[in-house]
Amino acid sequence: MTKVMHQDLETAANNVNIWAGVTTIMPLFGGFLADAYIGCYSMILFSSVLYVLSLGVFTMSQYIPSLRPCNTTLNSCEQVSKVHELVFFIAAYLMALATGGYKPCLESFGADQFDDSHSEERKEKMSFFNYWSIALCTGLFLGVTLIVYVQDYVSWGLGFLILTITMVVSVFVFILGRPFYRYKVALGSPLTPLLHVLVAAVAKRKLHCPAPSLLYEAPNTGKLQRRRLGHTNRLRFLDKAAIIEKYESNNGAYRKEQSPWRLATVTQVEELKLIITMAPIWLTSLIFGIGIAQGHTFFIKQGSAMNRKVWNHFEIPAASMAALTALGMIATIAFYDKVLLPYLRRATGKDRGISILKRIGIGMVILIISILISALVERKRLKASLKGKKMNVFWLAPQYLILGIGDGFSLVGLQEYFYDQVPDTMRSLGMAFFLSVIGVGSFLTSFLITIVNYVTTMNGGKKWIGKDLNHSRLEYFYWLLTVIFVLDLCAFVLLAKNYKYKNVQRTVVEDNSCDIEKKLELACH
């Protein structure tokens with residue numbers, strides 16, 4: 001957007017952040033459709049076709065003369081054609097649409113291959129999220145080194161062509177595994193049972209809430225598609241949805257066909273509680289999206305304004321510095337999974353070692369350190385620039401590396417949290433919640449840039465984010481982010497201390513009609 005389309009820094013950053021935001025918000029729709037109606041496997045295949053089509057359009061925009069940026073070479077292209085801009089954004093947002101089904105479903109489909117009722121497979125699932133993140137970081141590393149180098153120094157068209165071929169091959173590899181996968185059946189909208197609970201609780205709002213043992217739970221026939229959840233004492237008002245009313249018994253025998261809008265199970269009530277208590281955690285996690293947005297916008301522009309020569313005839317592409325983030329994340333995840341996690345399991349006696357929210361909190365602290373270092377480096381870079389000097393690009397290495405180390409804790413923790421703590425019927429939607437953290441964070445970054453520039457120019461002042469870095473005060477923006485992140489960390493710690501995790505009943509005793517009659521009799525008294 002800056003090299004080919006000649007957009008200024010503010011416009012390019014906003015365009016990237018908006019696209020990244022849409023890309024990570026769309027999984028909310030794709031995840032919902034997969035969980036409710038078509039299943040993960042079908043959604044992955046459909047989205048893969050859209051993904052290949054998007055990359056194909058990108059490739060054609062570089063090789064078909066009428067779609068190219070201009071008739072001259074890119075280095076001498078002063079004004080990009082409107083047709084190329086249109087095709088470019090069509091391809092970009094087609095990719096955003098494809099990502100909506102591909103990203104949440106592929107990860108949740110992978111995690112679904114592990115059986116939660118099997119203790120060893122539960123442990124393997126925890127490692128799965130670590131290995132998944134390592135695979136993503138390996139792709140990121142290749143993308144910001146090999147692909148970026150090809151695009152910068154050989155041809156944008158060849159770079160897109162390599163990506164297109166890679167995606168086609170990956171789709172075929174995925175299809176080859178079809179006979180070996182475990183599949184989960186889509187059971188309809190996962191939001192409907194939650195609405196049942198809300199309506200039933202409001203309808204019974206005047207009833208006194210009995211002891212938890214008297215609340216209704218569906219008999220365990222072995223055909224349930226979700227695990228039972230134990231009762232928790234939070235949000236007790238919702239428990240009223242599971243109260244067995246007197247008229248729901250017919251001559252002492254429990255009526256099997258009751259309206260779901262009038263009577264919900266304890267598991268359904270607890271699932272709604274999970275979603276409600278997840279909301280503040282989601283809100284306080286948005287800073288990770290803002291932090292990631294710095295990595296693919298302002299960090300890159302910092303690198304492009306610095307000396308990137310390694311030796312006489314080789315210059316590192318600015319975007320390739322993100323390889324350090326990938327390496328930092330890979331090293332952290334590998335160390336955590338192979339060294340730290342086994343030790344923590346022995347020390348605590350828990351499968352996870354430390355809780356998910358503690359892992360996320362550690363990542364939050366490291367993110368703050370990364371942004372703090374970014375502000376200090378940018379201040380030094382700007383002072384050197386005003387003297388006509390260029391700092392070496394490896395001054396950015398600490399902020400990239402520390403960002404990757406923090407992501408190794410926070411992003412993997414967030415993936416586990418949103419997969420594990422949502423209702424069993426909302427696993428793909430749970431991964432979409434995780435991706436939406438990154439998406440909304442990108443939107444918030446654009447919003448912050450707009451607000452900051454508006455406030456700083458109100459009385460004729462200078463924009464913090466100008467047309468280029470030398471006409472900006474990016475370090476001030478980083479200081480602002482540091483203050484916001486610290487305040488957010490305080491709120492997150494308070495929430496994490498009082499958070500109650502999903503209470504899954506591993507062993508369940510089947511209800512019988514006598515149990516129901518006893519519950520009814522005691523509830524009526």
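Modeller: A nonpolar core here is a set of buried Ala, Val, Leu, Ile, Met, Phe, Trp, Tyr and Cys residues joined through side-chain atoms within 4.5 Å. This is a predicted model, where local features need pLDDT of at least 70, side-chain atom pairs count only at pLDDT 80 or more, and totals for chains, interfaces and linings use all residues. Residues are numbered from 1 along each chain as its sequence is written, and side-chain values use heavy atoms, with hydrogens and water left out.

Colleague: Which residues have the most contacts inside the largest nonpolar core?

Modeller: Phe-298, Tyr-417 and Phe-477, in a core of 112 residues. A second, separate core has 5 residues, including Tyr-336 and Phe-409.

Colleague: Why is the pair Tyr-499 and Tyr-501 called edge-to-face?

Modeller: Rings of Phe, Tyr and Trp (its six-membered ring) pair if their centres lie within 6.5 Å; planes under 30 degrees apart count as stacked, over 60 as edge-to-face and the rest as tilted. The centres of Tyr-499 and Tyr-501 are 5.1 Å apart and the planes stand at 80°, so the pair is edge-to-face.

Colleague: What makes Tyr-499 buried?

Modeller: Buried means under 20% relative accessible area, exposed over 50%, and partly exposed in between (1.4 Å probe, protein chains only). Tyr-499 has 11%, so Tyr-499 is buried. Tyr-501, at 28%, is partly exposed.
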